[in-house]
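Thanks, everyone. Have a look at the screen.

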Amino acid sequence: MQSLTAAAAAIELRGIDKSFGAVHAVRGVSLAIPRGSITGIVGENGAGKSTLMSILYGLYRADAGQILIDDRPVDMASPRDAIAHGIGMVHQHFMLVDTFTVLENLVLGAEGGPLLAGGFAAARAELTRLGQEYGLTVDPDARIADLSVGEQQRVEILKVLFRGARMLILDEPSAVLTPQETDRLFEILKSLRARGVTVVLITHKLREIMAVADRVIVMRQGAVVAERRTTETSTGELAELMVGRKIRLDLDKAPAVHGQTMLAARDLSLVDRRGVRLLNGVDLELRAGEIVGIAGVSGNGQTELLQVLSGIRPPTAGQLEVCGRVIDPAHPIDPAEMRALGLAHVPEDRLRQGLVAAFEASETSILGYQDQPPYCRNHLLDVPAVDKHCAELMRRFDVRPQTPGLRSSHFSGGNQQKLILAREMSRLPKVLLVGQPTRGVDIGAIEFIHRELVKSRDVGCAILVVSVELEEILSLADRILVMSGGRIIGEVAADQADERVLGRMMADA
Amino acid sequence: MEETLTFVTLTLAATLRVATPLVLCAMGGLFSEKSGIIDVGLEGKMLMAAFFAAATASLTGSAWAGVVAAIVAAEALALLHGFACITHRGNQVVSGIALNILAAGLTVVLGTAWFARGGQTPPLNDGERLKPIFFPVAGDNVLVYVALLSVPFTWWLIARTRFGLRLRAVGEMPLAVDAAGVSVAWLRYRAVLLCGLFSGLAGAYLSIAQNAGFSRDMTAGQGFIALAAIIFGKWRPFPAFGACLVFGLLDAVAIRLQGVKVPGIGEVPVQLIQALPYLLTLFLLAGFIGNAVAPKAAGVPYEKEH
Amino acid sequence: MSLVAPRSVRRPLPRWVEIAVLPLVNVALAFLVVGIIARTIGVDSFHALKLLLVGAFGSSESIGYTLYYATNFIFTGLAVAVAFHAGLFNIGGEGQAYIGGLGCGLAVLALDRYLPGPLVIVLAILAAAAFGAAWAAVPAWMQAWRGSHIVITTIMFNFVASALMVYLMVNVLIAPGSMTAQSRGFAESASLPSMQAVLKSIGIAVAPSALNLAFVLALLSSVAVWIFLWRTSWGYALRTMGHNAEAAIYAGTSIRRMTMLAMCLSGALAGGVAVNELLGVHHRIVLDFPAGYGFAGIAVALMGRSHPLGIVLAALLFGALQQGGAELSFEIPAMTREMVVVIQGLVILFCGALAHLPRPWLQALFGRRG
């Protein structure tokens with residue numbers, strides 16, 4: 001692909017290709033990144049952007065292709081090579097040692113000699129200089145565990161600069177930040193650009209790209225599908241390019257017919273062992289026959305809300321009422337009892353919670369219901385009944401391959417999700433909690449899953465959907481609640497909401 | 001008065017004698033554990049080293065050859081542990097247990113085949129042993145001093161050097177070390193090799209300094225006591241050293257208290273005193289006395305996605 | 001704990017290779033090293049193997065001893081396996097068997113003069129299981145409620161059990177007038193019948209050996225463990241926890257309760273060693289009867305891939321090695337019985353810690369391109 005810019009390329013990739021087993025993650029990607037610019041790489045989850053950058057940083061080796069730094073081909077066998085060539089990476093999950101001080105983390109791998117004393121002194125001086133130059137100030141003697149997430153990210157950036165990087169890759173840097181911290185980060189990135197540093201920003205948040213980047217590269221299914229100047233494009237166009245077609249998530253659905261309240265939370269709070277307030281006085285009501293969507297930047301209490309509502313964690317304060325049963329700190333409940341009340345739960349992270357990778361699909365198809373007839377009587381499992389049940393679920397939800405004896409890990413993400421959804425819906429729950437219904441699921445399965453959720457609603461199920469995908473919330477929900485900082489900060493009726501309205505609410509928090 | 005003084009002196013000397021292999025072993029184990037490689041195989045390494053020290057000393061007539069052989073034997077097991085746990089990302093506890101059992105069997109098999117004394121090595125004469133340097137009564141051979149010096153050395157290496165910083169980091173978060181362009185595997189191998197060196201010296205001490213020859217299972221759980229000392233010392237050299245001294249003292253006292261009625265308490269069962277290191281560690285682990293936090297990545301093989 | 005399957009299998013092997021070939025290659029590697037060691041000490045491996053086989057299976061007496069040893073290995077192998085399936089590593093089989101022996105012995109010593117023999121035997125078996133379970137329950141509690149690492153605590157409990165038993169045997173339970181630290185003998189009616197006696201009663205004559213009804217109990221336990229793990233909802237929940245604790249929590253399983261259940265079952269199974277040794281053979285409480293069977297259980301479980309059938313087969317192999325090895329050491333003095341210990345160590349190494357060593361070779365042979 002012809003590069004848009006005539007300026008000298010700091011980084012150039014030619015024909016990069018990478019597969020993981022059956023997954024072709026990166027398909028012959030060629031691109032050039034001009035020096036002293038901020039370039040965004042956008043794409044959906046699984047589009048290959050993180051893999052591509054990991055190859056550039058020497059974490060993965062490409063199966064084919066070439067990397068050029070300052071027009072010279074280089075071999076990126078390990079991060080050490082990348083660092084030597086002036087590339088630094090700030091990972092989505094910070095590479096910081098929690099028990100170390102800022103200074104210790106800073107010098108790790110660049111100690112400047114076999115003894116620490118000298119290196120520490122030099123690092124202290126350098127830290128002061130970097131702090132002044134870029135406005136990046138952190139207490140060098142603070143322990144990482146005591147710092148806020150934004151401060152930790154600053155340490156990561158300092159680490160990279162300390163190693164003399166001229167090229168900086170940031171992987172989803174705003175995923176864990178508050179809006180204020182994000183603004184602060186963008187100021188830092190701009191001041192880096194002003195001093196000639198090349199910045200590459202991996203994200204799936206289009207708004208941010210438009211706000212900070214000069215250019216944007218769109219990836220889809222492992223390939224680069226477009227390059228644009230941010231001044232010459234729009235979020236709408238980028239979104240279309242990312243998905244590959246006009247987003248048409250508008251479901252044909254009838255207006256909701258509200259029934260009685262099935263789940264009600266009053267002033268629900270959750271405080272963890274360190275005293276961090278994860279949920280802060282959440283009030284919410286879920287009625288039969290409606291889908292309520294919870295929108296918000298991930299990490300604002302959605303995960304914890306699902307945990308409390310499904311009985312995995314007891315609330316610290318407040319009250320929860322599910323199908324007539326009252327649950328509060330004095331009367332806790334476990335997920336099994338919740339199920340018995342008629343609540344089903346499709347967890348956010350299917351691999352970590354929703355299934356057991358080593359189990360056969362048939363075993364996964366009764367997870368959480370292993371004590372229930374007809375799969376089990378007097379604690380004895382009825383294996384033929386379990387197999388029959390699984391085959392039935394697979395048929396109804398079109399799970400492929402339709403082999404109950406196959407290991408759960410051998411199904412694709414979409415098929416795993418359909419199996420879990422089938423399991424949770426098959427017992428006709430009164431309340432259904434769904435976390436990230438379509439994360440890492442292919443387009444075809446997304447439509448199927450959405451339709452099934454609406455069908456369930458239409459027969460009177462009360463459904464709560466938590467998703468970081470605004471389009472998904474917009475197309476599914478009858479009512480939308482916006483969550484931030486562990487509290488519900490607003491409610492919008494679905495027909496009055498659009499991405500701009502929700503985005504503003506989320507940002508204003 | 002003089003009698004009491006003698007008793008105290010003798011008890012202290014005995015404590016140091018008993019504690020020496022514990023200290024050496026604990027310092028070795030500390031390196032391994034700090035790097036994130038759990039080592040329940042200290043016992044096996046020490047046993048193997050003790051056997052090869054005595055066997056070599058007996059065959060060559062040189063105590064120093066025995067020390068070298070002990071180190072080589074312990075390093076061989078250490079490398080095997082590293083190969084299984086670092087290169088092949090095997091389960092560290094399983095590997096440690098395997099090496100303990102292997103050493104328990106192999107020392108007797110080889111000992112019987114070579115010396116035909118039911119697993120023992122021939123008794124060593126004075127020339128084949130490490131002898132006391134200053135105080136014959138106290139048994140202050142060179143390894144006692146090595147053990148005493150190993151503590152500040154370990155502390156310095158871990159707290160004050162580049163190697164130590166990386167070692168601590170790799171035990172807490174290997175990903176950060178890898179991302180910094182430093183080899184996780186090579187760091188851990190070096191830690192495991194240091195562990196082999198010290199546990200080798202501990203083994204040599206048992207068979208050619210403290211005793212005059214090898215006898216089957218002569219480590220008798222001391223490797224595990226060293227492990228307990230590491231936990232008790234919360235993975236820090238000086239506190240671990242302190243724990244070794246306490247455990248050594250208990251052992252020295254146990255021998256002297258055998259059959260003696262302590263005024264006001266009566267006869268203290270020797271078995272209770274012997275089990276005290278384990279009981280104390282259990283209380284510590286249960287969180288009744290402070291809190292022992294292991295290096296975060298301990299026991300977790302580092303797997304790089306490729 | 002990833003003892004059985006690697007965290008990421010990039011090129012999966014066909015299932016039959018995974019189940020049958022890989023473990024066999026692992027065992028073969030272990031025995032290859034054994035052969036090298038035998039050669040080093042000047043023993044002709046094939047000659048030794050022949051003597052070993054004859055020693056283990058050459059007569060009804062030797063088969064009896066092989067099965068008697070296998071009984072212990074089945075119990076401790078099952079004990080380790082049940083914990084493995086729950087993701088727990090129970091290294092405390094040694095101590096649990098020992099304390100199980102205390103329970104078993106106390107039950108008989110207290111009751112054999114008052115109750116009919118068969119009843120005493122049943123109570124003694126239950127006591128062995130209960131005491132073994134109790135000794136495992138403490139580390140389980142420490143892990144579940146206080147977060148103490150079960151590997152370390154079970155190791156420590158082995159030493160504590162040993163000290164406790166020595167104290168009790170020397171000071172409390174020693175038979176009056178005895179010079180060795182052992183209890184008085186159990187009443188004859190309160191001993192587990194020998195297999196010879198049982199078979200004789202149905203008209204089959206075999207040579208006397210240490211084999212007793214505990215062997216049948218071990219086989220029944222194997223079946224029971226299989227049913228429990230794969231055919232009950234408890235076993236389902238236990239395996240879920242072992243593979244994926246978060247999924248177990250999501251499914252409504254209490255990790256604490258399941259940890260207790262798994263460890264108590266494990267300890268109870270380890271107590272089976274006491275039934276075989278004390279109730280079946282020694283007919284009194286003796287010192288050091290667990291003799292390393294608890295640790296050997298790790299080798300048995302790893303070799304048997306934590307499946308009861310595999311464990312029974314592995315236990316037979318180890319039983320044969322133990323019995324054949326004993327015979328072998330009479331013929332070739334250089335081949336001491338400790339060779340069996342060496343083999344146990346190597347099996348744990350190659351079937352456990354180095355289990356994936358042959359994987360690349362097998363992938364080259366059988367691997368399917370993803």
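Across the interface of chain C and chain B, the rule finds 1 salt bridge. By that I mean a side-chain nitrogen of Lys or Arg within 4 Å of a carboxyl oxygen of Asp or Glu. The partners are C:Glu338 and B:Arg216, at 2.8 Å, N to O. Before going on: this is a predicted model, where local features need pLDDT of at least 70, side-chain atom pairs count only at pLDDT 80 or more, and totals for chains, interfaces and linings use all residues. Residues are numbered from 1 along each chain as its sequence is written, chains are lettered from A and ligands numbered from 1 in the order in which they are written, and side-chain values use heavy atoms, with hydrogens and water left out.

Back to chains C and B. Polar contacts there come to 3 residue pairs, both at pLDDT 80 or more. A polar contact is a pair of N or O atoms within 3.5 Å; within protein, one must be able to donate a hydrogen and the other to accept it, and residues adjacent in sequence count only if both atoms are side-chain atoms. On the chain C side, H6(C) gives the most, 12 residues. Helices are DSSP runs of H or I, at least four residues, numbered from the N terminus.

How much area do chain C and chain B bury between them? About 3800 Å², with 78% on carbon and sulfur atoms. Buried area is the accessible area, 1.4 Å probe, that two parts lose on being put together, summed over both. C:Met156, C:Phe159 and C:Ala353 supply 15% of what chain C buries there, more than any other three residues.

Now chain A against chain C. The area buried is about 2300 Å², and carbon and sulfur atoms give 56% of it. A:Phe359, A:His379 and A:Leu381 supply 23% of chain A's part, more than any other three residues. Here the rule finds 2 salt bridges. A:Glu363 pairs with C:Arg239 in a salt bridge, closest N and O atoms 2.9 Å apart.

Last, cysteines. Over all chains there are 0 disulfides, a disulfide being two cysteine sulfur atoms within 2.5 Å.

Notes:
Helix = DSSP H or I, 4+ residues; strand = E, 2+ residues; numbered from the N terminus.
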